[in-house]
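Work through the exercises below with the coordinates open. Try each task before reading its solution.

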Amino acid sequence: MALAFDTTISVSPDVMIRKVGEESVLLDLKTERYLGLDDVSARFWDLLTSGGSIQSAYETLLAEFEVDPERLRNDLDDFVQELVQLGLVEQSQP
């Protein structure tokens, strides 16, 4: 199911992020699940959790990366869905 890009993303209360070497690691203290992020995924994370909408993050990423707009939309959608499924973030309507 595709996300509504006008929603915002916030970090779940029990989630920490740390930079470890060349990657960032998200850790859910409650479930002890973690997710490693490469540079691109870490940039997705930074923009998504900065308080703006998913659409705003999408537009910034589109300006920063040479990528097909539809592919970026799909990749961002998949990334957010994985974060939600793992309980690392929460969505809210504007």
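Helices (H or I, at least four residues) and strands (E, at least two) are DSSP runs, numbered from the N terminus. This is a predicted model: local features need pLDDT of at least 70, side-chain atom pairs count only at pLDDT 80 or more, and totals for chains, interfaces and linings use all residues. Residues are numbered from 1 along each chain as its sequence is written, and side-chain values use heavy atoms, with hydrogens and water left out.

**Exercise 1. Classify the packing of α1 and α2.**

Step 1. Take α1 as residues 39–48 and α2 as residues 54–64. Their axes are 9 Å apart, at an angle of about 140°. Axes are lines fitted to C-alpha atoms, for helices over the stretch in contact, and angles run from 0 to 180 degrees between N-to-C directions.

Step 2. That angle makes α1 oblique to α2. The classes: under 35 degrees is roughly parallel, over 145 roughly antiparallel, 65 to 115 roughly perpendicular and the rest oblique.

Step 3. List the contact. From α1 come Arg43, Phe44, Leu47 and Leu48; from α2 come Ile54, Ala57, Thr60, Leu61 and Glu64.

Step 4. Sort the residues of this contact: six nonpolar, one polar and two charged. Ala, Val, Leu, Ile, Met, Phe, Trp, Tyr, Cys and Pro count as nonpolar, Asp, Glu, Lys and Arg as charged, and the others, Gly among them, as polar.

**Exercise 2. How many aromatic pairs does the structure hold?**

Step 1. There are two. Rings of Phe, Tyr and Trp (its six-membered ring) pair if their centres lie within 6.5 Å; planes under 30 degrees apart count as stacked, over 60 as edge-to-face and the rest as tilted.

Step 2. Phe5 and Tyr58 have ring centres 6.0 Å apart and planes at 80°, so this pair is edge-to-face. Phe5 lies in the segment before β1 (8–11) and Tyr58 in helix α2, 53 residues apart. Both Phe5 and Tyr58 are buried.

Step 3. Phe44 and Phe79 have ring centres 5.6 Å apart and planes at 75°, so they too are edge-to-face. Phe44 belongs to α1 and Phe79 to α3, so the pair ties together parts 35 residues apart in sequence.

Step 4. Phe44 is buried, at 8% relative accessible area. Phe79 is buried at 8%.

**Exercise 3. Is Arg73 buried or exposed, or in between?**

Step 1. Arg73 is in helix α3. At 26% relative accessibility, Arg73 counts as partly exposed.

Step 2. Beyond four places in sequence, Arg73 touches Phe5, Gln55 and Tyr58.

Notes:
Contact means heavy atoms within 4.5 Å. Buried means under 20% relative accessible area, exposed over 50%, partly exposed in between (1.4 Å probe, protein chains only).
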